[in-house]
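Please consult the sequence and the structure shown here before reading on.

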Amino acid sequence: MNKRLARILLKLTRTGTVIRVDTRNPCVALTFDDGPNPDYTPQLLDILEQHHAQATFFMVGQTAAKYPDLVAKVVAQGHVVANHSWDHPSFPTLTGRQRRAQLRRCADVLAPHGQKLFRPPFGHQDPASRLDALCAGYEVIAWNVLAGDWRDWGADKILEKLAGKVQPGNIILLHDGLFSAAQHTSLDRTPTLQVVDQLLSEHADYRFVTIPELLKSGRVVRQPWFRTGDQRWLDGLKTAQALQGKMEE
Ligand SMILES: [Zn+2]
């Protein structure tokens, strides 16, 4: 689709991308991308349960297809499961047909649990891909707080990035898995688990809620969110499977 036309359509439909909620209620949404992960997601569920916290999991369809029991467990514990595409491509690099297939295949795997929320892989989005999500009935959820937990950082550094960021209505991006990563990235999610435990302990005065719950707590803040990735950077990424030395499917 013509990009200018797409921008006008977005304006007419008032369809920005959700980045946070304007509210005075002390509630925050933790969001976890790229799972489910058989090693780390169960540990994360235990931590969340200990702190009576709920969260939203943006899952990759190809991974979710391998662990249906884990997907069901996430939902059974009161968390929300949502769409993060079939195999984590940068949507602006795809054709419309490919993008729609990515959304559909992931939704099929997450059914009947998945909600109509979509987070674009890498946060990459252009007007045409935003409209595809709109036509497929999805609310696109970005974030306003990120902690760089996909880098090889220890819990201390990630916590430093999050200092002062637990504020009413914020949407925090973290990862309980890594679907694709740069060559030397550690796939170990232990620092993220430590961060979540610490964050929840330090903010017992806050309610940690799912995205649908957060959206009901105040005025939803949307903004035009268009960003694409450097093609060479994208080409240099490997899937976690390849990084772990396993055969690609
Ligand atoms: Zn992702």
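## Zinc site

D34 and H88 are both buried (under 20% relative accessible area, with exposed meaning over 50% and partly exposed in between; 1.4 Å probe, protein chains only). The model is predicted, with local features requiring pLDDT of at least 70 and side-chain atom pairs pLDDT 80 or more, while totals for chains, interfaces and linings use all residues. Residues are numbered from 1 along each chain as its sequence is written, and side-chain values use heavy atoms, without hydrogens and water.

The zinc ion has as its protein donors D34 (OD), H84 (NE2) and H88 (NE2), at 2.0 to 2.1 Å. Donors are N, O and S atoms within 2.8 Å of the metal (3.2 Å for Na, K and Ca); water is not among the atoms, so sites may look incomplete. The spacing of the donor residues in sequence is D-x49-H-x3-H. Because D34 lies in strand β2 (residues 27-35) and H88 in the loop between β4 (80-83) and α5 (96-110), the pair ties together parts that are 54 residues apart in sequence. Helices (H or I, at least four residues) and strands (E, at least two) are DSSP runs, numbered from the N terminus.

## Salt bridges

Seven salt bridges are present in the structure, each defined as a side-chain nitrogen of Lys or Arg within 4 Å of a carboxyl oxygen of Asp or Glu. One of them joins the side chains of D33 and R119 (2.9 Å, N to O). D33 belongs to strand β2 and R119 to the loop between β5 (115-118) and α6 (127-135), so this pair ties together parts 86 residues apart in sequence. D33 counts as buried because its relative accessibility is 3%, and R119 counts as buried at 0%.

A further salt bridge is formed by the side chains of R100 and D132 (3.1 Å, N to O). This pair links distant parts of the chain, with R100 in helix α5 and D132 in helix α6, 32 residues apart. R100 is partly exposed at 42% relative accessibility, whereas D132 is buried at 12%.

The side chains of R222 and E139 also meet in a salt bridge (2.9 Å, N to O). Here R222 in strand β11 (residues 219-223) is linked to E139 in strand β6 (residues 139-140), 83 residues apart. R222 is partly exposed, at a relative accessible area of 37%.
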